[in-house]
Amino acid sequence: MFQQSATSEDASAVSVPAASEPRSIDSPQIAPKNTGDPFLDHYFKRIDPRVAASFSPEQCEAIKTMFGARGIAKHSVEIRRSLPIGRGRYYLVLLLGRERRTFGRLYSEGAISASFNILGYAITAALWMLPAVGAALLLQALL
C-alpha cells in the first residue's frame, strides 16, 4: 500500500547477484539480521540475508503488527494436549470463551450461517433441558 519507488541512488547502493550467477566461495557470507526480537529473528532466518538487512526499524514494527505479534488471548477454558496415536502425535485444542468479534465481522468471515445458528440453538436448548429432564425422571422414580 505504501511503497516507495526506487531511485538510481538506491539501485547503485545495493548489488544483488543474479540467481543464475554462482556464488564464489571467497565471497563473504552475510549473517542473518539479528534484531534481538525472537519473533522477527525467526522470520529473518527464513529469508535471504541481504533482504533481511534491508528492513528499517519501522518496517520491522509493521511486520510484527501485520503478523499479529500480540498477547495471548484469555479463554475461559483452554485445553491443549498432545496425543500419541499410532506412530504419530496429534494435538487437540479446546478453547471456550466469550465471542468478541462483531456480528458483521463474523458474517463477512463466514463464521456464521443460518443452519449453523439453528444447530447452535438446538444444542444450547438440549444442554439447558438435560438437567430438568434428569430431575423430572428422578422425581418420577421416587414417587
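This report looks at a nonpolar surface patch and the salt bridges of a predicted model.

A word on conventions: residues are numbered from 1 along each chain as its sequence is written. Because the model is predicted, local features need pLDDT of at least 70 and side-chain atom pairs pLDDT 80 or more, while totals for chains, interfaces and linings use all residues, and side-chain values rest on heavy atoms, without hydrogens and water.

**The patch.** L83, I85, Y90 and L92 together form a nonpolar patch with about 380 Å² of accessible area (Shrake-Rupley method, 1.4 Å probe, only the protein chains shown as cover; patch members have over 30% relative accessible area and no salt bridge, with nonpolar side chains joined within 5 Å). At least two of its residues come from each of β1 (77–85) and β2 (88–96) (strands are DSSP E runs of at least two residues, helices H or I runs of at least four). L92 belongs to β2 and is partly exposed because its relative accessibility is 43% (buried is under 20%, exposed over 50%, partly exposed in between).

**The salt bridges.** Five are counted, each a Lys or Arg side-chain nitrogen within 4 Å of an Asp or Glu carboxyl oxygen. Among them are these:

| Pair | N to O distance |
|---|---|
| R80 and E78 | 2.9 Å |
| E109 and R101 | 2.8 Å |
| R105 and E109 | 2.8 Å |

R80 is partly exposed at 47%, and so is E78 at 37%. E99, R101, R105 and E109 are linked in a network. Within it, R105 and E109 sit four residues apart in helix α5 (residues 103–109), about one turn. E109 is partly exposed at 42% relative accessibility, as are R101 at 32% and R105 at 44%.

How values were computed. Patch = residues over 30% accessible without salt bridge, like charges linked within 9 Å, V, L, I, M, F, W, Y side chains within 5 Å. Buried < 20%, exposed > 50% of the residue type's maximum accessible area, 1.4 Å probe, protein only.
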